[in-house]
Protein chains: 2
Amino acid sequence: MNKISKAVVTRLPRYYRYLDELRQQNVERISSKELSKLMNVTASQIRQDLNNFGGFGQQGYGYNVQYLYDEIGKLLGLDVKHKMIIVGAGNLGQAIANYGNFRNRGFEIAALFDKNPDLIGKKTAHGQILDIADIYDYVKKHNVEIVALTLPKGPAKRIAQKLVECGVKAFWNFAHTDLSFSDDIIVENVHLSESLMKLTYRISEKNDSKE
Amino acid sequence: MNKISKAVVTRLPRYYRYLDELRQQNVERISSKELSKLMNVTASQIRQDLNNFGGFGQQGYGYNVQYLYDEIGKLLGLDVKHKMIIVGAGNLGQAIANYGNFRNRGFEIAALFDKNPDLIGKKTAHGQILDIADIYDYVKKHNVEIVALTLPKGPAKRIAQKLVECGVKAFWNFAHTDLSFSDDIIVENVHLSESLMKLTYRISEKNDSKE
């Protein structure tokens, strides 16, 4: 398979979401035109994107929903189990732990960690919240692939650095800071306040254009 | 001011975050070269981006941190107060309500709403959680600018549609669905599972390249 452009990869999860909905509605086939209407992108964009993987579509016949769903799932690495731990068991950490969609897609939340004595020992759907002091031993012992960082930026950097030394290779980073490691370490950032600023920018842009 | 490209706008919140940190460390001036090292982007990228706003930098003198911070803040619409309500007062809604950075940046969380009787009436830092049944009257009465949707995708679409009819113009959408309204309505999506899929894609891409 050829290397897929970053722009296409960014769009794949959205295809995956729509195909999942179609699949659940027992839709077996869909044309690029129908999918285009549903997803509000051009049919040619869809054909171009899906051509990257080759052989999914057939002229005048449409895409096989389940097949395309499975193949995109494989490309996204969702056909293998990913073991994830969550560091920071506050509201955000717990929200992520309980996010239903994750559980059905090969993600195993192995444990939540926190330093707050009021939270440590608290029962969740993924076992008791563990003491952050034990996290380094835990990741060395278990095959933890992804660490979600849902804690303040101060400790996030320091803890992430130590986790890398313990062998962690991928972070899903909600902390309000950039983590910089070697290219070997994967970091996917979710900076919520930056997303909100994009929203306020668009609001002020709209208000300016009215003046 | 000229229209700023979408790519630059996407980068502005990150500049804003770094400038905020510098400001808090009492740094008065910074050169594009120093900022470049700190932010891990090229100095020419920084000069190009910041040239968009004109007149911030001065050759051999650097940028005035506080001035640049204020000006970018204005561009991002952070110099005016934004009234936001949160629909869905579960873990994610409460996490957002308590996100400290928002409070300091002109965002007023006016209220949280939920349909869960166990949550309604519960005290938060932003008053008691209100009954979702009262939300439409609430937004008509108060000048609500932004609605954060932190609820499942099923009700999200229906409730957002009714909120638009009540005059809401901007959504910060965490629900696992796309909202499609006229161009008049601003929607900023945070699809957490899509972000996680980008991460697993990068993991499987890395594993493939090792084989």
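Helix α5 (residues 91-98) of chain B lies across β3, β4 and β9 of chain B, at about 160° to β4(B). The model is predicted. In chain B, 6 strands form an open sheet with parallel pairing, and chain A likewise has an open sheet of 6 strands, paired in parallel. Chain B can be laid on chain A by a turn of 180° with an RMSD of 0.0 Å.

**Relation of the two chains**

- The superposition of chain B on chain A involves a shift of 0.0 Å along the axis, besides the turn of 180°. This is therefore the relation of a two-fold axis.
- In chain B, the C-alpha nearest the axis belongs to N91(B) and lies 2.4 Å from it.
- The same surface serves both copies, as 100% of the contact residues of chain B recur in chain A.

**Sheet of chain B**

- The strand order in chain B is β7-β4-β3-β8-β9-β10.
- At the edges of this sheet are β7 (130-131) and β10 (186-189) of chain B, each of which pairs on one side only.
- Strand β4 (residues 107-114) of chain B runs parallel to β7(B) and is joined to β7(B) by 2 bridges.
- Across this pair, D114(B) stands opposite D131(B) in β7(B).

**Sheet of chain A**

- Chain A has the strand order β7-β4-β3-β8-β9-β10.
- The edge strands of chain A are β7 (130-131) and β10 (186-189), and each pairs on one side only.
- In chain A, 2 bridges link β4 (residues 107-114) to β7(A), and the strands run parallel.
- F113(A) is placed opposite L130(A) in β7(A).

**Helices packed within a chain**

- Helix α5 (residues 91-98) of chain A packs on the sheet and touches β3 (82-87), β4 and β9 (170-173) of chain A. The direction of α5 of chain A makes about 160° with that of β4(A).
- In chain B, helix α5 lies across β3, β4 and β9 of chain B.

- Helix α9 (residues 192-210) of chain A lies across β3 (82-87), β4, β8 (146-149), β9 (170-173) and β10 of chain B. This helix of chain A runs at about 165° to β10(B).

Notes: Residues are numbered from 1 along each chain as its sequence is written. Chains are lettered from A and ligands numbered from 1 in the order in which they are written. This is a predicted model: local features need pLDDT of at least 70, side-chain atom pairs count only at pLDDT 80 or more; totals for chains, interfaces and linings use all residues. Side-chain values use heavy atoms; hydrogens and water are left out. Copies are superposed by least squares on the C-alpha atoms of residues with pLDDT of at least 70 in both. Contact means heavy atoms within 4.5 Å. Two strands pair if DSSP finds at least two bridges between them. Helices (H or I, at least four residues) and strands (E, at least two) are DSSP runs, numbered from the N terminus. Axes are lines fitted to C-alpha atoms, for helices over the stretch in contact, and angles run from 0 to 180 degrees between N-to-C directions.
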